[in-house]
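Biologist: I would like to learn how to read a structure like this one, feature by feature. Could we look at it together?

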Amino acid sequence: MLKFTNVFKNYDKSVLADINMEVEEGEFISILGPSGSGKSTILRLASKLIKPSRGKISYQRNKPPSIGFVFQDATLMPWRNVLDNIILPLELKGVRRNISTKKAAEWIMKVGLEGKENSFPGELSGGQKMRVSLARSMVTDCDLLLLDEPFAALDEITRRKLEEDLLKIWKREKFTILLVTHSVSEAVYLSERVIVLSMGPGKIISDKKIFKENFDQDFRNSQQLFDLNKTVYNLLAREENS
Ligand code: ADP
Ligand code: MG
């Protein structure tokens with residue numbers, strides 16, 4: 001659905017150098033890389049918030065995809081309750097209130113926030129705020145979900161719950177996900193493909209499919225996951241130490 005062809009990005013220095021990447025419809029891809037390797041820049045390019053300095057980014061669809069973008073900070077409006085925060089993108093699109101309320105209520109269920117419709121962000125935990133942020137990004141039926149370290153600030157238990165729920169939602173809704181994360185285990189556990197960037201200027205040093213079909217029921221605690229983690233971790237560690 002999305003293709004990067006020889007993409008370069010320069011600010012005062014080179015940030016991304018020759019990125020080639022093809023994203024299939026419905027894929028769940030994680031992007032790992034050292035700090036400053038250009039991970040967030042790739043998401044901004046994919047969302048067309050910024051333009052490449054050189055090269056081409058194309059969408060192979062009839063119409064441009066609807067894009068959801070989620071950041072590490074949930075960035076909610078403190079004066080709006082949960083329902084009204086989630087409704088916001090629909091409101092901006094001019095969707096009628098009765099339709100948008102129904103849609104938002106649907107997403108409140110999907111992200112596990114039932115009963116919190118009327119709570120304000122100040123009354124929510126970090127995990128709940130992130131759930132609101134996820135629902136807000138998906139409420140417009142996005143085709144492509146861009147996630148920039150969305151779980152990085154959460155404690156381990158909350159993080160795992162959100163990861164499981166995201167996985168369930170992705171399996172049901174079948175949109176495409178590009179997830180930037182610092183966590184090797186998160187990348188390997190969640191996605192079908194892991195892309196590793198080099199130290200800046202970022203180049204793709206590994207693009208690896210993760211085949212999970214024949215894996216244990218208890219994948220989270222399996223030897224297979226342990227081995228995959230080790231392989232990807234070694235790649236990244238080599239880069240961080242180079
Ligand atoms: P990552 O997300 O992998 O940590 P970023 O994509 O945020 O990396 O940034 C990559 C590099 O580009 C960094 O060195 C950063 O300082 C630089 N950079 C990002 N955005 C800008 C900008 N708007 N202006 C100048 N430099 C930028
Ligand atoms: Mg970043």
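Biologist: Is glutamate 91 buried, partly exposed or exposed?

Modeller: Before I answer, please note that this is a predicted model, in which local features need pLDDT of at least 70 and side-chain atom pairs count only at pLDDT 80 or more, while totals for chains, interfaces and linings use all residues. Residues are numbered from 1 along each chain as its sequence is written, chains are lettered from A and ligands numbered from 1 in the order in which they are written, and side-chain values use heavy atoms, with hydrogens and water left out. Buried means under 20% relative accessible area, exposed over 50%, and partly exposed in between, with a 1.4 Å probe and protein chains only. Glutamate 91, with a relative accessible area of 35%, is therefore partly exposed.

Biologist: Which residue does the side chain of glutamate 91 meet in a salt bridge?

Modeller: The general idea is that side chains of opposite charge can pair when their charged atoms come close. The term salt bridge is used here for a side-chain nitrogen of Lys or Arg within 4 Å of a carboxyl oxygen of Asp or Glu, and the structure holds 18 of these salt bridges. The partner of glutamate 91 is arginine 80, at 2.6 Å from N to O. The pair links distant parts of the chain, 11 residues apart, with glutamate 91 in helix α2 (residues 82-92) and arginine 80 in the loop between β5 (67-70) and α2. Helices (H or I, at least four residues) and strands (E, at least two) are DSSP runs, numbered from the N terminus. Arginine 80 is buried, its relative accessible area being 16%.

Biologist: Which residues form salt bridges with aspartate 165?

Modeller: One is arginine 131, where the closest N and O atoms are 2.7 Å apart. Because aspartate 165 lies in helix α5 (residues 156-173) and arginine 131 in helix α4 (residues 126-138), this pair ties together parts that are 34 residues apart in sequence. Aspartate 165 is partly exposed at 21% relative accessibility, whereas arginine 131 is buried at 12%. Aspartate 165 also forms a salt bridge with lysine 168, with the closest N and O atoms 3.6 Å apart. These two residues are three apart in helix α5, so about one helical turn separates them, and lysine 168 is exposed, with a relative accessible area of 54%. Elsewhere, salt bridges that share partners join Lys103, Glu106, Lys110, Asp141, Arg172 and Glu173 into one network.

Biologist: What surrounds ligand 1?

Modeller: To read a ligand site, one lists the residues around it. Here a residue counts as near when one of its heavy atoms lies within 4 Å of the molecule, and the residues around ligand 1 include Tyr11, Lys13, Pro34, Thr41 and Arg44. Helix α1 (residues 39-46) gives the most to this shell, with four residues. An oxygen atom of ligand 1 is 2.8 Å from an N or O atom in the side chain of lysine 13, and a backbone N or O atom of glycine 36 also lies 2.8 Å from an oxygen atom of the ligand.

Biologist: Where is methionine 77 found?

Modeller: Methionine 77 is in the loop between β5 and α2, and at 26% relative accessibility this residue counts as partly exposed. With contact meaning heavy atoms within 4.5 Å, methionine 77 touches Asn85, Leu88 and Pro121, not counting residues up to four places away in sequence.

Notes
Polar contact = N/O pair within 3.5 Å; in protein donor to acceptor, adjacent residues only side chain to side chain.
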